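Subject: Structure handover

Hello,

I am passing this structure on to you. Please look through it before reading the notes below.

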Amino acid sequence: MNNRVGLRDLKGVARSLITYRMRPLHGRGLDRIYQAFVGPGDLAIDVGAHVGDRLAAFRRLGARVIAMEPNATLFRVLAWLHGRDSGVTLLPDAAGARSGPGVLHLNRANPTVSTMSDSFVEAARATAGWRSQVWNEPVAVSVLTLDDVIARHGPPAFIKIDAEGVEPDILTGLSRLPPAVSFEITTMARAAGLAALDRTLALGCNRFKFSLGESHRFLQPNWIDGAAMRSFLTALPEHTNSGDVYGVTDDWTPRTRPSSG
């Protein structure tokens, strides 16, 4: 892990903490959408934990959490916020298709979009609204497959994946889905999101919904099949930027009724 922390890191982390950890409405929105997927006694895996807003929501709902965050500065923040919580296991690793070494491209000013995807960085350079983003430095990180994580810590009820274009690789490292999963899609890297959708279909997901940006509400009132979700994602306007696909298998039973918003 890279141990250097500069002014840009501190400003970027402060911005993330204000955006994701200091807005009560944001936290309540997360609780509302995740309450259908995790509850007391469940295990959730948070891939790309960032500053832990999703992690905190899972804990408020009573779930134990495995949180993966390869950015050393963000990992320190997670340790400060959650390191004394026996219900949280923090892993300073990225998730990927194979366990071993990897390279993380740091965005020090905006750490939430640090990525292991070269194609994500290239797409950003050609996309309006993203060209101001700078990936300052590649750093060596450790990569674990989700299969390895699950073998060590047990089967989850839910996996959340937010890894800036690496979602298909992460799902490749998973041989059996939990009852429910979510993964991010960005319109500038739409192909990665569609590949992630295809992988979840291959693993047994058969019903899907979409939540735009940080709205924490589903756009679909009812679950739709994979073909319908592919059509929806393909038609998603570029300016919508990003959102999360939620997929469930036949093994999923809602903890509470999810809000369609």
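A residue counts as buried when its relative accessible area is under 20%. By that cut-off Tyr 246 is buried, because its relative accessible area is 3%. Please keep in mind that this is a predicted model.

Aromatic pairs

The count of aromatic pairs in the model comes to 15. One of them is formed by Phe 37 and Tyr 246, whose rings are stacked, at 5.4 Å centre to centre and with 25° between the planes. Phe 37 sits in the loop between helix H2 (24–34) and strand E1 (43–47), whereas Tyr 246 belongs to strand E10 (residues 242–248), so this pair ties together parts that are 209 residues apart in sequence. Phe 37 is also buried, with a relative accessibility of 1%.

Another pair is made by Trp 223 and Trp 252. Their ring centres are 5.3 Å apart and their planes stand at 65°, so this pair is edge-to-face: planes over 60 degrees apart fall in that class. Here too, distant parts of the chain are linked. Trp 223 is in the loop between strand E9 (207–212) and helix H9 (226–235), Trp 252 is in the segment after E10, and the two are 29 residues apart. Trp 252 has a relative accessible area of 8% and is therefore buried.

Both pairs belong to one cluster. Ring pairs link Phe 37, Tyr 246, Trp 223 and Trp 252 with Tyr 34, Phe 58, Phe 158 and Phe 218.

Which side chain does the side chain of Arg 108 contact? The polar contact is with the side chain of Glu 137, at 2.5 Å. Arg 108 lies in the loop between strand E5 (100–106) and helix H5 (118–125). With 8% relative accessibility, Arg 108 counts as buried.

Strand E6 covers residues 137–144, and its pairing with two other strands is worth a look in the viewer. E5 and E6 run antiparallel and are joined by seven bridges. Within this pairing, His 105 has Pro 138 in E6 as its bridge partner. Strand E4 (residues 94–95) runs parallel to E6, and two bridges join them. There, Ala 95 stands opposite Leu 144 in E6.

Regards

Methods
Residues numbered from 1 in each chain as written. Predicted model: local features only at pLDDT ≥ 70, side-chain atom pairs only at ≥ 80, totals over all residues. Heavy atoms only, no water. Phe/Tyr/Trp six-rings, centres within 6.5 Å; stacked < 30°, edge-to-face > 60°. Helix = DSSP H or I, 4+ residues; strand = E, 2+ residues; numbered from the N terminus. Buried < 20%, exposed > 50% of the residue type's maximum accessible area, 1.4 Å probe, protein only. Polar contact = N/O pair within 3.5 Å; in protein donor to acceptor, adjacent residues only side chain to side chain. Pairing = 2+ DSSP bridges.
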